[in-house]
Amino acid sequence: MLITVRKPIQEIMGFLAGERAVFLLGCDGCAAASGTGGEPEILELKGDLEAEGIEVTGWKVVDFLCQKALIRTSLRPFSEPLARADSIVVSTCGIGIQASATVVDKAVHPACNTISLGGIRGEWQGEERCAECGQCFLEFTAGICPLTACAKGLVNGPCGGAVDGCCEVEPETRRCAWDVIYERLERQGRLDLLRSSPVQIKDFAQMRPPSAIRGTRRWAIDMAVTEGETR
Amino acid sequence: MKLTDLFREGEFVITSEVAPPKGTDTAEMIENAELLKSRVNAINLTDQQSSVMRLGSLAASRLLKAGGIEPIFQMTCRDRNRIALQSDLLSAWALGVENLLCLTGDHVSLGDFPDAKAVFDLDSVSLLAAAKGLNEGADMAGNELAGKTDFCLGAVVTPGADPVELQLIKMEKKIAAGAEFFQTQAVFDAEAFARFMERAKSFGVPVMAGIILLKSPGMARFMNKNVAGVHVPDPLIDEMKSSEDRPATSVEIAARLIREIKGICQGVHVMPLGWEARVPAVLDAAGL
């Protein structure tokens, strides 16, 4: 699940300088759940743009804008309004905007900002987040990731700024990650782990996708389908 | 002059600190340092404390050194990645800086550029390890240096933190990474500090107690509410409240604290926060 919020209409109008007609794309997945990409929101966006003197040649809410094959088939009936539009305004997350831009060979304008959730979560939503660092050290941190749970992402212990176990950056809403790690290890009688664990120095090169994965068939098929049909 | 040399000679080491200016006018900073010069062994130069953008601590360290005052170069991990941190360490050594204080640093959200990217590529522990590596002649990647550093490596600890056990564990990690002395967060409760030192003394690394000059009861209450690990006991707040001469009472409280703890630690670090001119009186009254 990605959470999005709509940009102010003034910002979107700034993107449309010199343009007269647009086609709107929404998404019935996460964006609809966020209240940015479903049918009611697309109609609202249509009204906002028309009030600013922009013609909306057509609109479509696709089930999932992150699915390029789905975008392609969903837009087949809309070739005429798409052709008349100067550009496409897409009201969804950064992934859906990029997928739309890949499929539709026209200028694409983002209507939303995607809000940071501080790392990806599991399919079954919980507060645990993974930064995909490529060097998991949960072994040493009681199964709690300080890279995502600590405001500073500190991997060798707390900064000392916590007050009453709460993070100094967001005291109302954030526990100190290291305080939680400490509590769990103390409860389990495993505090020695903190003393014996090696000094962590993150290899940020491993936070980029390895070239070995970029070279896999799965990645290649995705690229072939995309590039083959748009070129 | 390295602080470690003084500790080795059994000296009770006294340090203080000054803050570089917001701007290029260093006159007041130099003036404050001059007020302290004859009474302290070295002076910390804070690194954009509270994440407020200021003149850099490396340039300020050099300015003090040129004026015959021993600087302690404070370095945080908030604004620089490991390339810049290591480079600045080499620069500092080339400019004559010998004492270093390694900190993680405040979060950018606390300062005047909350929209800045917070770096924290390294933290206090890994920065100490990196500095130790430079002292041994190699950078973090293991590349050999043409000319190495020889810093005295300092770190910080908060004796009043809760849980204190976590502070002690991190203190041990800092020592293992290379820390050779510690300056502490402000101490106001001598008994609590004694309990902390009972645990910390087994590490065998010199500890300098942090002393802040209380300016008012309001300042004490503010610190109790907002500063992690700092607790000003009520009797001290009452003493300030009922005082008819607050600066004199402030000096008396700081001096009394130093007298109470000087037997159980290896030095004091006085944070005057604008009251630099009163530090000599504190040290006189404390018998230092």
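How many bridges join strand E2 of chain A to E4(A), and do they run parallel or antiparallel? I looked this up at the start. Five bridges join E2 (residues 21-27) to E4(A), and the two run parallel. Strands here are DSSP runs of E with at least two residues, helices are runs of H or I with at least four, and both are numbered from the N terminus. Two strands pair if DSSP finds at least two bridges between them.

**Ground rules.** I am reading a predicted model, in which local features need pLDDT of at least 70, side-chain atom pairs count only at pLDDT 80 or more, and totals for chains, interfaces and linings use all residues. Residues are numbered from 1 along each chain as its sequence is written, while chains are lettered from A and ligands numbered from 1 in the order in which they are written.

**Chain A, strand E4.** I stayed with E4(A), residues 87-91. Four of its five residues are buried; that takes 20 or more other C-beta atoms within 10 Å of the residue's own, against 12 or fewer for exposed and in between for partly exposed, with C-beta atoms placed from the backbone. Leu24(A) stands opposite Val89(A). E4(A) also has four bridges to strand E5 (residues 107-110), again parallel. There, Val90(A) has Pro110(A) as its bridge partner.

**Chain A, domains.** I noted domain 1 at 3-115 and domain 2 at 129-207. These bounds come from an automatic or database domain assignment. The C-alpha centres of the two domains lie 40 Å apart.

**Chain B, the barrel.** I counted 11 helices and eight strands in chain B. Eight strands close into a barrel, ordered E1-E2-E3-E4-E5-E6-E7-E8, with parallel pairing. I then picked one pair. E5 (residues 152-157) and E6 (residues 181-186) of chain B run parallel and share four bridges. Ala155(B) is the bridge partner of Phe182(B) in E6(B).

**Cores.** I went to the largest nonpolar core next. It has 104 residues, and those with the most contacts inside it are Cys102(B), Leu128(B), Phe182(B) and Ile211(B). Another core lies apart from it, with 32 residues, including Phe23(A) and Ile88(A). Such a core is a set of buried Ala, Val, Leu, Ile, Met, Phe, Trp, Tyr and Cys residues joined through C-beta atoms within 7 Å.

**Phe188(B).** I found Phe188(B) in the loop between E6 and helix H7 (190-200) of chain B. Is Phe188(B) buried or exposed? Phe188(B) is buried, because 23 other C-beta atoms lie within 10 Å. Leaving out residues up to four places away in sequence, Phe188(B) touches His231(B), Val232(B), Pro233(B), Leu236(B) and Leu257(B). Contact means C-beta atoms, placed from the backbone, within 7 Å.

Most residues other than glycine have a negative phi, and most peptide bonds are trans. Asp162(B) and Pro163(B) are joined by a cis peptide bond, with omega about 0 degrees. Pro163(B) sits in the loop between E5 and helix H6 (164-177) of chain B. Ser51(B) has a positive phi, near 60 degrees. Its loop runs between strand E2 (42-45) and helix H3 (57-66) of chain B. Ser51(B) counts as buried because it has 21 C-beta neighbours inside 10 Å. In chain A, Ala142(A) also has a phi near 60 degrees. Ala142(A) lies in the loop between strand E8 (129-130) and helix H7 (146-149) of chain A.

Conventions: Two residues are in contact if their C-beta atoms, placed from the backbone, lie within 7 Å.
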